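Work through the exercises below with the structure in view. Each task is followed by a solution in steps.

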Amino acid sequence: MKLGNTRTASGVATDDRGGGSGGGGTREPAPRPAARTAPRRQVPGFVLSWGLFLILLGLWQLIVRAFDVSIVLVPAPSNVFRSLVDGLESGFLLEHMWVTMKEILIGFGLAIGMALASAGLIIQFRIVDKALLPILVLIQTIPKVAMAPLLLMWFGIGMTSKVLTIALIAYFPLLVNTILGLRSAEPEQIDMLRSFGAGEFQIMRRLRLPSALPHIFAGLDVAVILSVTGAVVAEFVGATAGLGYTIQATNFNMDVARTFAVVVLLSIIGMTLHAVVVTANRWLVFWAPSGKEHARDL
């Protein structure tokens, strides 16, 4: 009798040595699905940034101590930190920081008001667009450092000249972003609102301005940093108080550690204002994609 596969009447193939493939014969175990590897946990960006920053500070401290660099040339981070703490505890740096902060906030607020008003007029009236925008571009080409001495002569050494310098520096990037944002509204949506009887003011309030908010906040983020730069430039030209004035005074006295401490304070002011603008952007423009979503798309 031959051993091998035989076919039953029902058409099921059987094996004389084992049994049917559809019956109780031995089956090979089904392959197990491959185990899913757990996604790697990425290190947060701020951890990497602060880690690199601390490493650079350590290298700075090590190099200054190892090569015995003079404190007049480059102070060690420990000397800068000590000078910063002493200046804050004595109130000296706090007093000058408050003067600079007032100049920045007033000048930045003035730039916002002028930019929004100018952009609204340029969008609403074509004659204003043709007449005013070229003049604004021409003014922007003038270096603001060259305007600062003139403003000092016209308005004196007080806060007014500083505020106007800051406003001029922060004005144009905010204006350009606001104009782009107001013009980003879809023409079909504008026509639809007009077909329902909406006036230009209603179109501006209900369509153009909400559409422009992401662009406006992008301009605010740039302008607020430029405001810090404008305050320092204006105080360099002529001032009796402020962090820019303090930098000049400490340079004259060759107190380089205090100069670095003032630079640290200016960096803290800039980062704080930047964080405020970013937070307000997330709260007010919640429908716009965040930077993290853009990064994932890339």
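**Exercise 1: a residue and its core**

Leaving aside neighbours within four places in sequence, Leu175 is in contact with Ala115, Ser118, Ala119 and Leu136, where contact means heavy atoms within 4.5 Å. The model is predicted: local features need pLDDT of at least 70, side-chain atom pairs count only at pLDDT 80 or more, and totals for chains, interfaces and linings use all residues. Residues are numbered from 1 along each chain as its sequence is written, and side-chain values use heavy atoms, with hydrogens and water left out.

Task: Find the core residues with the most contacts, and the helix that gives the most to this core.

Step 1. A nonpolar core is a set of buried Ala, Val, Leu, Ile, Met, Phe, Trp, Tyr and Cys residues joined through side-chain atoms within 4.5 Å. Buried means under 20% relative accessible area, exposed over 50%, partly exposed in between (1.4 Å probe, protein chains only).

Step 2. The largest nonpolar core has 40 residues, and Ile104, Leu175, Leu220, Leu266 and Ile269 have the most contacts inside it.

Step 3. Two or more residues come from each of helix H3 (92-124), helix H6 (159-182), helix H8 (200-237), helix H9 (243-252) and helix H10 (256-284). Helices (H or I, at least four residues) and strands (E, at least two) are DSSP runs, numbered from the N terminus. H8 gives the most, with 10 residues.

**Exercise 2: two helices**

Task: Determine how H3 and H9 are oriented to each other.

Step 1. The axes of H3 and H9 come within 8 Å and cross at roughly 135°. Axes are lines fitted to C-alpha atoms, for helices over the stretch in contact, and angles run from 0 to 180 degrees between N-to-C directions.

Step 2. Angles under 35 degrees count as roughly parallel, over 145 as roughly antiparallel, 65 to 115 as roughly perpendicular and the rest as oblique. H3 and H9 are therefore oblique.

Step 3. H3 contributes Phe92, Leu93, His96, Met97 and Thr100 to the contact, and H9 contributes Leu243, Tyr245 and Thr246.

**Exercise 3: a loop residue**

Task: Is Pro75 buried or exposed?

Step 1. Pro75 lies in the loop between helix H1 (45-66) and helix H2 (77-90).

Step 2. Pro75 counts as buried because its relative accessibility is 1%.

Step 3. Beyond four places in sequence, Pro75 is in contact with Trp60, Val64, Val80, Val256, Ala257 and Phe260.

Step 4. Pro75 and Thr259 are 184 residues apart in sequence, and their C-alpha atoms are 9.9 Å apart in space.
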